[in-house]
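Reader: I'm new to this and would like to learn how to read a structure. Could we go through one together?

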Amino acid sequence: MPPGYTETTDADLLAMSAEGDRRAFDEIVSRHAAFALRVALRIVANPAVAEELVQEAMVKAWSQSRHFDPRRARFSTWLYKIVVNLCLDYRRRKHAVPMPDGFDPVDPGPAADRMLEIGERDAAIDKAMQELPARQRAAMALVYAEGMSGSEAAVILGLSAKAVERLLARARAYVRESLRREHY
Amino acid sequence: MLTFKRFVELAESYGADLQRWPKEPRAAAEALLAVSPEARRLLIDARSVDEAIEAHDNRVTPTDEEQRAAVARIRYGVKRELASASICARSEPSVGWISRWLDVGIPGNLRWSAVGGGIAVAVVVGLLIGWTEPTPAPKALLTMLQPAPMRIFEE
């Protein structure tokens, strides 16, 4: 990657991408894919699906690069919004399809194969986290894991800061209650 | 002014780490913690939930190596997708003139139906013309179209 690309701002790289510069867009992908992947993974809880969704989000960002207006939003906010929306759509679709009788679903948790190795308390926490609704998981991923403020997370989720606070509070209450139920 | 009720709400949303809280109430929250055992108890309770969430997060977060490998796969996948997508992007200008031409007076959702209808009409008209028996060409016309004999050797 020539130094010109690595020193260019996200917004300029996206403007170059909109003109068809694929190397400029590759720089964007290399800058933001790791963050996008971590957030996606926490929402969909499946590494392979998270990878697919991030790739889809990047391609979508490329195809919509002409519509990005740097005066209205930061590039990273715009991109993460695409990622989070695709993940929420995925979770919605997944829950919308009823499973046939007797269907034995594959455990989607990335920690599924480690479940036997970890303690019961950890297993109870993981179960509670996996049971959380997608938007609560998304809010937790953005605020707790990635250190965003409630307002930044609110922009990405298309909600008010107050609504994000409520999502976080409900998620924490569920985790606390699950631990209490399991006597931890 | 941070009320105790608001303090509880913030603790229940953002947990025990005040760095996660919105900036404005942080100083007031610290002042409240200094004087209120109840507020301190609340944050101790919140910390246990924080620890549970962090422990889960550490288990599901990919290692640096896993993350690098995943990012490399994503970059490769995006490049491949864009290479195929650019074929479509290049083909756009060749049909773009049709869209612009149809832009006058025809609603967007009917434009390509109009093109399809036009092509269908042209095909039907062509078939009808081909169906009818062709009239023989006049003899004079055939003579005119026939090439003249070429002389290769001069006598």
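Reader: Which residues in α1(B) meet which residues in α3(B)?

Author: Phe7(B), Val8(B) and Ala11(B) in α1(B) meet Ala39(B), Leu42(B), Leu43(B) and Ala46(B) in α3(B). Here, contact means that the C-beta atoms of two residues, placed from the backbone, lie within 7 Å. Helices are DSSP runs of H or I with at least four residues, strands are E runs of at least two, and both are numbered from the N terminus. The residues of this contact split into 7 nonpolar, no polar and no charged. Nonpolar covers Ala, Val, Leu, Ile, Met, Phe, Trp, Tyr, Cys and Pro; charged covers Asp, Glu, Lys and Arg; the others, Gly among them, are polar.

Author: Before we go on, this is a predicted model: local features need pLDDT of at least 70, side-chain atom pairs count only at pLDDT 80 or more, and totals for chains, interfaces and linings use all residues. Residues are numbered from 1 along each chain as its sequence is written, while chains are lettered from A and ligands numbered from 1 in the order in which they are written.

Reader: How do α1(B) and α3(B) cross?

Author: Two packed helices are described by the angle between their axes and the distance between the axes. For α1(B) and α3(B), the axes come within 10 Å and cross at roughly 15 degrees. The axes are lines fitted to C-alpha atoms, for helices over the stretch in contact, with angles from 0 to 180 degrees between N-to-C directions. The two helices, α1(B) and α3(B), are therefore roughly parallel to each other, a label for angles under 35 degrees.

Reader: Where does chain B touch chain A, and which element gives the largest share?

Author: On the chain B side, 28 residues are in contact with 39 residues of chain A. Elements giving two or more residues to that side of chain B are α1 (4–14), α3 (37–60) and α4 (64–102). The largest share, 12 residues, comes from α4(B). By type, the residues on this side of chain B are 14 nonpolar, 5 polar and 9 charged.

Reader: What about chain A: how many helices and strands are there?

Author: Chain A has 9 helices and 0 strands. Of its 184 residues, 40% count as buried, meaning that 20 or more other C-beta atoms lie within 10 Å of a residue's own, with C-beta atoms placed from the backbone.

Reader: Which domains is chain A divided into?

Author: Domain 1 (1–109) and domain 2 (111–184), with bounds from an automatic or database domain assignment. In chain A, 15 residues of domain 1 are in contact with 15 residues of domain 2.

Key: Angles under 35 degrees count as roughly parallel, over 145 as roughly antiparallel, 65 to 115 as roughly perpendicular and the rest as oblique. A residue is buried if 20 or more other C-beta atoms lie within 10 Å of its own, exposed if 12 or fewer, and partly exposed in between; C-beta atoms are placed from the backbone.
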